[in-house]
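Please keep the sequence and the coordinates open while reading.

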Amino acid sequence: MAESEQRTDGDTVLRAGVIGWPIEHSKSPIIHGYWLERYGVNGRYDKIAVSPDQLDTSITDFIAQGYRGWNVTLPHKETMFGLVSDLDPAAQRIRAVNTVVVGQDGALTGMNTDGYGFITNLMQSIPAWQPQTCQALIIGAGGAARAAIDALIQQNVKKIWVTNRTAEKADALVQDFAQYASCLSTVAWGKTADIAAQTTLLVNTTSLGMVGQPALNVEDVQFLPEGAIVYDLVYAPLQTELLQTARACGLQTVTGIGMLLHQAVPGFSAWFGQKPEVTEDLLQKLLSS
Ligand code: NAP
């Protein structure tokens, strides 16, 4: 098929995908593949391994091949931020891009939908969640933490504490977001016991607790107030040790899989022209994959 033909809707196949290095583990093709079938879209969603030194040339190739856009995963989210010509407000604030949309003229718009996924999952899982009284403790200061913090700021939460193994990264994050909110401060790693009693939302944004990784030290969970929410962005395993401990303490819990599902919605809408639904059926398909 000629490259130009692929850019039109007609009978041609609309193409999108996910790029990362490595990429084998990505679950995005399952999500988008499910929606393509469900909505009868004549499209495909590819899993593409792109090494850091190939990123520039790969992007040029994708545009020439007629890709509508692509998701971006580790380690390219920050680099992609500097390679697009336009940014949505969330990507601008988070300073990372996880979704790219190719315009008719080939210009790239970078979006960050992780915060949208984070907050949509929280609100759907705990409909009674009240941002105005929320005092959040964010564990970690990487890309996922930035997205979660941005989304919480957009909801005007009352307080955000950030703690990270590497203190400098937490300091830099708080400094970066200071222009958007005055409710952020850092807490030294391992010294969060003092604020546990005031924490109404604890979020693990580190990779601790993931399959093959040590568990997050969960001692503070027992000091969280009644009704507090514990949200783990790790989704493999789904019920992490952190969430199991929280449940045993009678706290509310939110798993990370819903964030993964919801962050995919804006990309699919932009590339394939149909806002997809996150359903129980899709969730079960993903969990059994
Ligand atoms: P990242 O930018 O590399 O950040 C990793 C974070 O984990 C940093 O804060 C890092 O601390 C911390 N960390 C790693 N190993 C640690 C250890 N042994 N002890 C203490 N802290 C440690 O990665 P990311 O993109 O933010 O992703 C972080 C996690 O969130 C991953 O598990 C990822 O799968 C998950 N995630 C889930 C979703 C979802 O949709 N549910 C979306 C995005 C990410 P240092 O700064 O000290 O290294």
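**The ligand and its surroundings**

A backbone N or O atom of alanine 144 lies 2.8 Å from an oxygen atom of the ligand. This is a polar contact, meaning a pair of N or O atoms within 3.5 Å; within protein, one must be able to donate a hydrogen and the other to accept it, and residues adjacent in sequence count only if both atoms are side-chain atoms. The model is predicted: local features need pLDDT of at least 70, side-chain atom pairs count only at pLDDT 80 or more, and totals for chains, interfaces and linings use all residues. Residues are numbered from 1 along each chain as its sequence is written, and side-chain values use heavy atoms, with hydrogens and water left out.

How many residues surround the ligand? The shell has 21 residues, and the closest are Ala144, Asn164, Arg165, Thr166 and Gly256. By type, the shell divides into ten nonpolar, nine polar and two charged residues. In that division Ala, Val, Leu, Ile, Met, Phe, Trp, Tyr, Cys and Pro count as nonpolar, Asp, Glu, Lys and Arg as charged, and the others, Gly among them, as polar. Helices α6 (143–154) and α10 (257–263) each supply at least two residues of the shell. Helices (H or I, at least four residues) and strands (E, at least two) are DSSP runs, numbered from the N terminus.

The space taken by the ligand is the largest pocket. On a 1 Å grid over the protein atoms alone, a pocket is an open set of points with protein on both sides within 12 Å along at least five of seven lines. A molecule sits in a pocket if more than half of its atoms lie within 2 Å of its grid points.

Arginine 165 belongs to the loop between β8 (159–163) and α7 (167–177). Is arginine 165 buried or exposed? Arginine 165 counts as exposed because its relative accessibility is 69%, where buried means under 20% relative accessible area, exposed over 50%, and partly exposed in between (1.4 Å probe, protein chains only). Arginine 165 is 24 residues from alanine 141 in sequence, with 8.6 Å between their C-alpha atoms.

**Backbone exceptions**

Most residues other than glycine have a negative phi, and most peptide bonds are trans. The bond from tryptophan 21 to proline 22 is cis, with omega near 5°, and proline 22 lies in the loop between β1 (14–20) and α1 (28–38). Another cis bond joins alanine 236 and proline 237, with omega about 10°; proline 237 is in the loop between β11 (229–232) and α9 (241–248).

Arginine 95 is not a glycine, yet its phi is positive, at about 65°. This arginine 95 sits in the loop between α4 (89–94) and β5 (99–102) and is partly exposed, with a relative accessible area of 46%. Asparagine 156, also not a glycine, has a positive phi of about 60°. Asparagine 156 lies in the loop between α6 and β8 and counts as exposed at 60% relative accessibility.

**Buried residues**

Tyrosine 67 is part of strand β3 (residues 67–72). With a relative accessible area of 4%, tyrosine 67 is buried. Its side chain makes a polar contact of 2.5 Å with the side chain of aspartate 46. Tyrosine 67 and tyrosine 45 are 22 residues apart in sequence and 9.6 Å apart in space, C-alpha to C-alpha.

Alanine 170 lies in helix α7 and is buried, at 4% relative accessible area. Between alanine 170 and tryptophan 189 there are 19 residues of sequence separation and 9.8 Å from C-alpha to C-alpha. Asparagine 121, in helix α5 (residues 114–125), is buried at 6%.

How values were computed: Near = heavy atom within 4 Å. 1 Å grid on protein atoms, 1.4 Å probe; cavity = no way out; pocket = protein on both sides within 12 Å on 5 of 7 lines; lining within 4 Å.
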